[in-house]
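Subject: Structure handover

Hello,

Here is the structure to look through. My notes on what was found follow below it.

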Amino acid sequence: MRKLLLLLLALFAIGWLAAKVDLNTAQYSELRQLGLSEKQARDILDYRDYVAHFASIYDLRQIPSIDQRTLLRLKDAVVVSFRQEIDDAEARRQEIRDLLERLDSNEGASEGMADVWEDYLMTPQNVNRMHFDDLVSLPNVSAVDAAAILTRLARGDTIADMRDLRNTVGLSHYGYTNLRSYVYYKEPPIKNRMFYDAQMQFYTRYFEEGAHDMFHEPFLRSNYGNAGIVIPHDKRLSYWGRFNLDQVDPDLIYKLRIRYGNHLKLGFMNHTGKAETGLTDKTARQIINDSKWYAGYENEKLPWLGNTRMKLYLGHYRATYGEGLVMENTDFYSARKTGFGFSKRILGITPDLSRTQEYALRGGAVELSHPKFGASFWASDDYKDAIVYVDENGDPKLQDGKKKLFSYVVPTIRFDNDEMQLAEAAFNTEIQSGTTYAMPYLNLAYRKDAFREKLWGTHLQYNPFVGTRLGFTTYTALYDDAHFMVPDYYGLQSLLVRDSYYYPKFKMMDAEIAGLYSTHVDGKYSRDYRRVIGFDAGTVIGNTAIQGEYAELSVDGSDFKLGDDPSALLISANTQFENLYLIALYRDYDIDFDNPYSNAFSEHERFDDTILEKNVYALTNPILSDIYLGSTQAQPEKGIYFETRYKFNNYFTVGRSYLDIFQRKTDGRRTARFQSELEFRPLFQLGLRLRYKNQVNRIEDFADRGVSKTNEYTASIRTFLSNRDFLEFEYRYNTVLSPPYTSLTNPGQPGENTMAAAMTLMTGDYIGVNYTHNFNENLKLQGSFIYWFSHGISHWDWEDMEIDFMGDKGSKAWIALHSRISQNMYLNLKFRNKTYQTQEYSIRKYNEPVEGENYFPRVERKENTIRISLDYRF
């Protein structure tokens with residue numbers, strides 16, 4: 001009886017609702033039957049079509065023709081059904097919202113890779129048709145995970161759904177959780193359709209410390225400081241003053257991406273850097289030449305070649321293979337890039353709308369991949385920036401009718417060539433007014449689009465069985481209009497150092513500079529190209545993946561013989577368990593292996609600790625420091641690296657921990673660097689973390705004057721609050737034990753410095769607060785406050801999308817607002833205030849103050865930066 005009564009009540013409710021008119025679905029005739037006038041009915045339909053669907057009956061009052069009396073009359077005759085205005089693309093975007101935000105926040109580190117991953121999030125790939133390289137190129141998917149999936153598919157066992165994917169034998173939980181959003185199984189979540197992504201970014205950034213000092217370095221005649229001669233305070237005697245670099249010119253980025261599913265893709269980007277010529281001052285041709293674009297076609301399965309995938313791109317693209325020794329074109333360096341976890345490489349050909357300019361590839365590329373084989377071919381024709389040899393008038397010097405080049409360069413600012421020549425003429429006039437220097441003029445200078453590079457390359461790969469690959473990669477860069485000419489170590493000193501007084505500053509480490517590649521060497525060879533050849537291989541054995549790459553730069557050996565030219569070798573192994581992974585990596589890079597398109601694992605970038613970094617004031621032209629500041633290559637190193645992470649249980653986790661023992665090839669300095677962290681989670685919402693980092697230079701000889709020891713201790717408390725809010729308190733304490741300097745306590749003369757000064761201990765600390773507050777799913781606030789006192793120690797902070805290095809003492813606060821301001825519009829707004837003091841300097845000569853101006857006190861600097869990003873996705 002009770003059940004029957006409930007059934008009758010339900011039928012009555014359904015009938016009662018059915019008798020009412022639904023404002024969100026009603027037709028014109030139904031509205032007219034409610035006694036509404038023709039105009040009122042039309043107004044309701046127009047509101048629904050062009051403004052919004054009704055959330056409640058009271059939304060009728062938003063329509064001018066519906067007064068309060070009409071509303072009360074309709075109240076019992078109409079109903080408002082729930083209606084969500086969303087299409088399949090918007091539904092997919094909401095489903096992967098957290099992943100998209102994570103990619104956006106990593107853009108500063110991954111430089112363009114986020115665009116590729118975002119495409120695969122919105123339009124996933126069929127996991128049953130993916131190849132090995134496709135899988136391992138996805139974030140945090142290992143070679144072991146990829147081999148487990150492909151082994152299952154090779155048995156004819158297709159994957160039906162997400163739950164079925166999780167049951168794949170050998171697929172780790174970590175790999176599964178990172179892979180599941182990038183794949184589909186039977187029907188794609190979104191059918192083929194057009195996607196648009198338009199982005200604008202405005203960023204008022206300041207120069208980092210190295211670039212700041214480089215541009216401030218003055219050009220002064222040699223006799224300043226002598227009696228009666230006053231040092232001028234003419235700001236125009238430096239690049240900083242000459243080009244008014246104290247003005248807060250913004251970085252501007254305009255980007256547009258269009259694609260049809262995962263098949264047809266178009267993209268355009270223009271990036272105007274700080275202090276560079278703006279769009280309004282450029283011709284249309286200049287805008288096109290300084291912009292990046294691509295047009296591409298991808299097919300997941302060619303009908304006439306079975307499970308063969310094809311990519312075809314025109315315009316700008318990236319090419320990445322193996323371990324990055326032969327080819328990985330980017331302008332950005334990342335230390336300890338293992339290729340695992342968060343330091344991934346996307347293998348193969350991909351579109352490129354990153355800020356990479358110098359090592360961008362512009363031309364055409366095609367890639368074919370099959371489960372058993374792969375082949376890629378690419379060609380590029382582009383003008384590149386360089387450091388060039390110039391005469392006293394700033395005109396390029398020639399060799400055999402071609403311009404003489406010193407090196408590729410990724411400039412901090414892409415100055416116009418005419419403006420640079422005018423500045424150099426003024427600087428030359430100044431430095432030639434006094435006693436003659438050993439190098440009396442600017443003999444090396446930066447030039448934009450200095451030479452034309454024609455490049456073509458090939459990658460061939462054979463996959464004999466699942467998880468195993470054998471690859472061959474080579475490229476040749478042709479220089480029709482230029483010669484690279486770098487003197488040997490002994491001739492380099494007089495080329496780079498202006499005053500003979502500073503010749504002792506040229507040290508053994510500077511052999512890295514002498515190792516730059518030359519296309520012309522007097523008495524040996526002369527050619528018009530650079531060629532790099534390499535082999536890569538990898539295999540999966542159980543839960544262990546082993547991979548490696550060997551590369552050679554053709555100099556004076558044979559292209560068909562290994563071991564007779566400068567080379568680079570990298571071998572790594574990765575073993576994974578459910579709660580533990582282990583990485584071991586060995587690398588050995590020769591000093592003369594100068595491959596500008598290499599971006600492999602290393603502890604430091606090339607030219608670190610050379611005169612290009614440490615003694616900018618001694619250079620013939622301070623802007624030569626850009627060779628170091630923009631370096632993307634690995635420093636010539638030989639060493640072994642270990643990394644691990646282990647989760648004991650739900651309470652204790654040993655976070656990413658590593659030990660790197662390596663030797664710098666130029667001077668034989670051996671270094672050990674260790675870092676480990678332990679996290680304790682007594683509650684899911686609370687994390688206590690301890691981190692320790694130690695680095696010792698010259699570990700083999702503690703009596704050596706070059707030995708130094710660095711220790712860093714960090715403690716943090718992290719709270720994970722409701723609504724995904726986050727709060728963290730962090731304290732860091734650093735110590736640096738510096739080597740003794742004998743001339744500080746004894747006259748720097750032979751036989752008189754028998755007792756060394758004691759080693760110097762520097763300390764510094766840092767305290768910070770980081771927070772995230774989600775107002776709702778469409779509005780998020782992030783921020784941080786930091787105070788530090790370093791006493792000469794370098795402090796760093798991972799800030800939102802970028803890493804920041806701080807001064808000697810100061811504070812910093814930043815706040816970032818992430819808002820979805822409409823269905824398809826996203827706004828990111830960030831403000832940062834940084835107030836800090838520079839380090840004080842006292843210029844002394846053998847413990848005695850020099851004559852004239854010799855003490856420079858701390859200077860307080862204030863920096864206020866704004867970054868605005870608008871992203872329209874539809």
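Glu603 and Arg336 form a salt bridge whose closest N and O atoms are 2.2 Å apart; the term stands for a side-chain nitrogen of Lys or Arg within 4 Å of a carboxyl oxygen of Asp or Glu. The pair links distant parts of the chain, 267 residues apart: Glu603 is in the loop between strand E23 (580-589) and helix H19 (611-614), and Arg336 is in the loop between strand E9 (309-320) and strand E10 (348-351). Helices (H or I, at least four residues) and strands (E, at least two) are DSSP runs, numbered from the N terminus. Glu603 and Arg336 are both buried, where buried means under 20% relative accessible area, exposed over 50% and partly exposed in between (1.4 Å probe, protein chains only).

Before the rest, the conventions. This is a predicted model, in which local features need pLDDT of at least 70 and side-chain atom pairs count only at pLDDT 80 or more, while totals for chains, interfaces and linings use all residues. Residues are numbered from 1 along each chain as its sequence is written, and side-chain values use heavy atoms, with hydrogens and water left out.

Overall figures

The protein chain has 20 helices and 40 strands. Of its 874 residues, 51% count as buried. The chain exposes about 40800 Å², of which carbon and sulfur atoms supply 57%; accessible areas come from the Shrake-Rupley method with a 1.4 Å probe, and for residues only the protein chains shown count as cover. Among contacts (heavy atoms within 4.5 Å) between residues at least 6 apart in sequence, 65% join residues at least 24 apart.

Other salt bridges

The whole structure holds 55 salt bridges. One of them joins Asp290 to Lys448 at 3.7 Å, N to O. Asp290 lies in helix H15 (residues 284-290) and Lys448 in strand E15 (residues 444-462), so this pair ties together parts that are 158 residues apart in sequence. Both Asp290 and Lys448 are buried. Asp667 and Arg664 form another salt bridge, with the closest N and O atoms 2.7 Å apart, and both are buried. There is also a network of salt bridges, whose members include Asp115, Lys255, Glu298 and Arg873.

Helix H17

In helix H17 (residues 489-496) the buried residues are Leu492, Leu495 and Leu496. Seen down the helix axis, they fall within an arc of 80° (taken from the directions from the axis to the C-beta atoms), so they line one face of H17. Their cover includes strand E12 (373-389), strand E14 (402-408), E15 and helix H18 (511-514).

Aromatic pairs

The search finds 36 aromatic pairs. Rings of Phe, Tyr and Trp (its six-membered ring) pair if their centres lie within 6.5 Å; planes under 30 degrees apart count as stacked, over 60 as edge-to-face and the rest as tilted. The rings of Tyr502 and Tyr617 have centres 5.3 Å apart and planes at 70°, so this pair is edge-to-face. Tyr502 lies in the loop between H17 and H18 and Tyr617 in the loop between H19 and helix H20 (626-629), so the pair ties together parts 115 residues apart in sequence. Tyr502 is partly exposed at 24% relative accessibility, and Tyr617 is partly exposed at 32%.

Regards
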